[in-house]
Amino acid sequence: MLVAVLLPFILALFIPLLSKWKNKLHTGYFVTIVPVIIFIYFIRFIGAGFEPVTREYSWIPSLDMNIVFYLDGLSLLFVLLISGIGALVAFYSIFYLHKSEQLGNFYVYFLLFMGSMLGVVLSDNVFVLYSFWEFTSLSSFLLIGFWNHKKASRYGALKSMLITVFGGLSLLGALVFMSNLTNTASIQGMIDQQQLILNHEYFPLILCLLLLGAFTKSAQFPFHIWLPDAMEAPTPVSAYLHSATMVKAGIYLVARYSPMLSSNDWFFIIVSTFGIITLCWGSYMAVRQTDLKGILAFSTISQLGMIMSMLGFGTKMAVFAAVFHILNHATFKGSLFMVAGIVDHETGSRDIRKLGGLMTYLPITATLAVLASFSMAGVPLPFLNGFYSKELFFDASLHLKVTPEGFKELLQMAMPYLAVFGSIFTFVYSMYFFFGTFRGKANIEELPKKPHEAPFGMLVSPIILVLGVIVIGLFPHLINEPFIAHAAHAVKGVEFEKHIKFWHGITPPLIMSLTVVVFGTILVLTRKIWQPVYRFIPGVLSMNKFYDGTVDRVERYSGKITNGYMNGSLGRYVRLILAAILVTTFAFMAVTGGFTIDTSNLADLSLPGISVAVMMVIAAVGTIITNNRITAILILGVVGYGLSMLFVLFRAPDLALTQLIIETVTVALFLLVFYHLPKLRKKEESASTRVLNIVISVGFGAMMTMIAISAHSSKWFDSIAGYFIEKSHSLGGGDNVVNVILVDFRGLDTLFEIVVLGIAAMAIFGMIRLRGNKEED
Amino acid sequence: MSNLAVLPIILPLLAGILVAFIHKKKTMVRITSQIIAVVNLIVIGWIFIQVRQNGSLVLETGDWAAPYGIIIVGDLLAMTLVLTTNIVAVASVFFAPKSLSEQQETYYFYSFFFMLIAGVSGAFLTGDMFNLFVFFEVLLMASYGLIVLGNGKAQLRESLKYVLINLFSSMLFVTTIAFLYSIVGTVNMAQIAERVKEVEQQGILTTIGILFFFVFATKAAVFPLYYWLPRPYISPNPVVSALFGALLTKVGIYSILRTFTLIFNQEVEMTHTLFIYLAAFTMLFGVIGALSTNNVKLVIAYNIIPAVGFMLMGIGIFTEVSISGTIYYLVHDMIIKGVLFLLIGAIVYAAGTSDLRKMGGLIHHYPVLGWLFFLATLVLAGIPPFSGFIGKLQLLRGGLAEEEIMIVIVALISSLLILFSMIRIFIRGFWGEERELEHPERKSKAARMVWPAAGLLALSILLGVGAEWFYPSIESIAEYLMDPEIYIDSVLKE
Amino acid sequence: MEFIMAILAGILFTTGIYNLLQKQMLRIIIGTGLISHGAHLFILTMGELKTGERGAPPILTEGVESYTDPLPQALILTSIVISFGVTSLLLVLAYRASKINGTDNMEQLRGNDYE
């Protein structure tokens, strides 16, 4: 099984080689083989007696990141979708993408996606799942940006990445949290210990984080906005990632965690509410689109919402319908995208306002389109799979098993109406898609290309998918027992022996379906009247504006904030740094009771010492007051000499000497350098700055003094210096202890002190000798 | 055997002196430096293996017993960081000739470079507080030498700020050491730790600890002390930026990690809680900075800061898991920052500008550069299974285990924004219409510039995908740090 | 006496920082000079100060029992030398930076050309 998942990645490595011969043989042929092999490998698992299979491979055991594949009914459904649709799309793309395109890049991204998506639906280890999850986002980013010379393409790529990675990160938060609580990284393990998670005080947070991940990926309202912009990707990609597979990853995740979550009220409320809103909003928005792919994008959003809401219902029937619809949606939506691609390819336009009457030019395509779009609309015909799942959906919406109280009761009442409402628009855009493109008056002159039927190869894939629509429609049991029932079992945790029938008699669901058809037909026929409404409402509620505003604001405000304090002024920086240190340190001193004074072990006051100190204070303050640079430098010297006098007083002769010499040299250097620099000016600073400076500098000085006093009053241990005095002569061979410390006990310090001087010398030499370039930054 | 511990310091020191003597001969100094850097790396790799197998190397310099002499402690943490340092160094030394002007090369670049390595390695290895100060000065002085090298107008301006802030923090550092000495009567880190523990870090000790934190945090660029960092880091040559970005802030973080696991570990409730808050602000403000600019170099420089936040987060949470996250992140960040600065150097060279608004469509001319940059972006943003993810995962695990929800959420948001700030460069700089290159003559040189970065990047990816080979060691380091007695006993043997 | 020295060193820090916060390079560098003096004085104070009969300079002599603490002195020596190196570099750097940029006012050296 590992090989099956890795196969796409492995081939991706060889694509650069293969694409060298692309002029002889389209790279797509090589690529098509991979999903076919995977499909064949996995289809062998299908059967009535199917049991979940687990495979473990060691990867990073110390981090609990092992590749554990868990193939149950749900995974199997997805795996077959991914490889099956993948094969069809890859084959379709051979005719869609011309050899002059950057096929190598395209197929690398394509295979990366396929492998990652297989990984997502097979991984039982949450961290491995997350890894694959992010990779699907990345490959989607790259595929949307495939024609990155177009601005819209770049925009769409960034948008999809930001939103899906945002969700991915929040998913990561949820996964880490859950794995911490249950002490396992396995999804099945978490489900087994669900009480630990469900009863935790942070469970609402975990749920929200998890659902954020699922909703962003599966384009649920209000995170759906990336999906329409993702239509900038080549159409095969839209068919594959953005309708059949990747966008269902969120659905998959919710389904996967359903055994744990579906008993929870919050899960029911959130998921079914967001799902049904998405259904309505998506189908409503689809009606006002003019781009064929735009219609399909919003239609996908709406269908995803429908599946999501059914998972939220969580009843046996709803789960079955959800799983069934995942498959059905993939068949009809995949074929519709391919139809849109064919229309685009053959006419050069996807704008439904320019299209029309193409039936005579593309008869086969039109046939496919009518079947697929009618299935999508849920038209009650016994050979369309879309009708069955729609019917089940209505049925499920009527039979919510919730304790009717508060918001839940409201939901229970509203759900059937909302379901019908959303489905009416679904009917409208489905009709619009077909009739707007293929019927009506043809205006061939306005189209960039003269339309004609697509090459046969391009038709193969949609034909197979539409055959799927019909076969499932005619013989639902064919796939029900060996396949769908197992998937539903995995989601719900109970056995299914659901029989799908076309004719139930006049039941409420059938009435709902008929209502949809009647109202839908009216809306289609009176479309012109409704145009102003369609145009008006979304403008008010546009999530896109919110996204654009946020992204724009993030950049603009971060610019403002950053330039607000990072203004390059050293004074500002130092002030901020010192203030931070000052406040925090004082706070810590106060809280820990750090300030202590102990006057016992002090040296006697000595008059010379005090007078030197006074002199130094006067000199130090003098450096501030004086406006004469020579004076300033000289009185800095006074401070230095004062310090060396203190060294003498306090019995540090070596220091005194060194300080004396160094101070002299430093003063000389100062004079040398500042002879060439401008004179000191009066300090032109505002009163408030001056006060601030005074507060900060006095505060800092006081802080240091207080710490010094406290430190001196807390001499709790004997210094190691005793050892130096004791051993200096006998072991160090010298009587001047300071010298012995420097050259022997702590010789390494001294060695590197010399190194520092050496480096300084080289740096100074370089600065003086190298003439800088004034222009270049 | 324990004498080996000093080699990572002495070898580059000698190398630095040697190349100073032959600095005039460009080719010779270049090749000599490259050979020495590689040899040095091999030697250190070997020492690293020794340490991993046989435990810490503790060297009493001058044969003066601890705590009286200066102790070099080659434990696994120090050796891991030294090894990583030298890996980045080797990549830089091969990048340098392609990026430096002849003048810069002959005016002691290689000497400063080796001295920097010596200083950084010394700071990682030393077991003595004052000696740490000295090594800080060595690496700072070398960095001063590097940052002014070339004497550009903006370069000198930014250098001046850089030197002044570091000078101040050095003075604060040395004073704080004196305060601590007054209380515990020693400068040996193991003995300090022992004595601080004995009095349960009471009284003024926590305040002194906070001062130490601020000293190191200034170097590490923690909020609110990082203001000095971004612009000075981008003003010198890219290879210098790479060295700075990869090594300097990490020394600060290392020092915080060491002192606050070994010494100031008694008042965790207070000190480490402060770290968590500062970490959150560091992440946010850092990444806001990265989003604020269209200067691609500055984007990378700002991205140093949130990484520091991530590492500080682990120290703040202070569990074995989070500390191992910090260490993994530390190693990862040293490498990836090296990669990014080298790549961005090549990008700016190729594009002829560092202004993102003037770039576009570079991928048509520089596909390899573009894809390397894309990969590096993923690594930096912590996309699994690359190295950034491993550290981040452990940090999140640690954070959630302690129910530090706020910092976890901030970390997740910052990850997204980091990705945004970087992918902007890819989208706006590399994608887009194919255009005429402004400097077509630079093509071959720019293409050659990417190889050192590519090598580092490969390692970085290995560090993620092959985490199983590295993580157990890192975990053992975290275990070791959380039990300071081991360190103390290994230094003060009796 | 220690307290007086601590206060003196604190004042040196105060004046040093005040200078550091000014705009003109010379003042700033003078400020760093004052701060390093303050730091060294702090170090000295942190070993016990011994005047008069309480302690002799740490040069071993027959018959003397009590010496001042030699370790801080050694540390200060190292630090003085290092400060000297940094200060010289800083001076040359300031000189070069102000020449090439045509001003010694740090507020005019903000460099906001990195938008």
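**Stop one: a helix pair in chain A**

Select helix H26 (residues 629-649) of chain A and helix H27 (residues 653-674) of chain A: they pack with their axes 8 Å apart, at an angle of about 175°. Helices here are DSSP runs (H or I, at least four residues; strands are E, at least two), numbered from the N terminus. The axes are lines fitted to C-alpha atoms, for helices over the stretch in contact, and angles run from 0 to 180 degrees between N-to-C directions. That angle makes H26(A) roughly antiparallel to H27(A) (over 145 degrees; under 35 is roughly parallel, 65 to 115 roughly perpendicular, the rest oblique).

Now show the side chains. On H26(A), the contact includes A:Arg629, A:Tyr641 and A:Phe647, and on H27(A) the residues include A:Pro653, A:Glu663 and A:Phe674. Contact means that C-beta atoms, placed from the backbone, lie within 7 Å. By class, this contact has 13 nonpolar, four polar and two charged residues. Nonpolar covers Ala, Val, Leu, Ile, Met, Phe, Trp, Tyr, Cys and Pro; charged covers Asp, Glu, Lys and Arg; the others, Gly among them, are polar.

Before moving on: this is a predicted model, where local features need pLDDT of at least 70 and side-chain atom pairs count only at pLDDT 80 or more, while totals for chains, interfaces and linings use all residues. Residues are numbered from 1 along each chain as its sequence is written, and chains are lettered from A and ligands numbered from 1 in the order in which they are written.

**Stop two: chain C against chain A**

Select both chains. The contact takes 79 residues from chain C and 90 residues from chain A. On chain C's side, helix H1 (2-20), helix H2 (25-46) and helix H3 (70-101) each supply at least two residues, and H3(C) gives the largest share, 24 residues.

Stay on chain C and pick residues 6-21, 28-47 and 74-95, which an unreviewed UniProt entry lists as "transmembrane region"; such annotations may be inferred rather than shown by experiment. Residues 74-95 of chain C are 100% helix, with end C-alpha atoms 32 Å apart.

**Stop three: chain C against chain B**

Here the contact takes 28 residues from chain C and 30 residues from chain B. Which element gives the largest share of chain C's side? It is H3(C), with 15 residues.

Chain B averages 92.

Key. Contact = placed C-beta atoms within 7 Å. pLDDT = per-residue confidence, 0-100.
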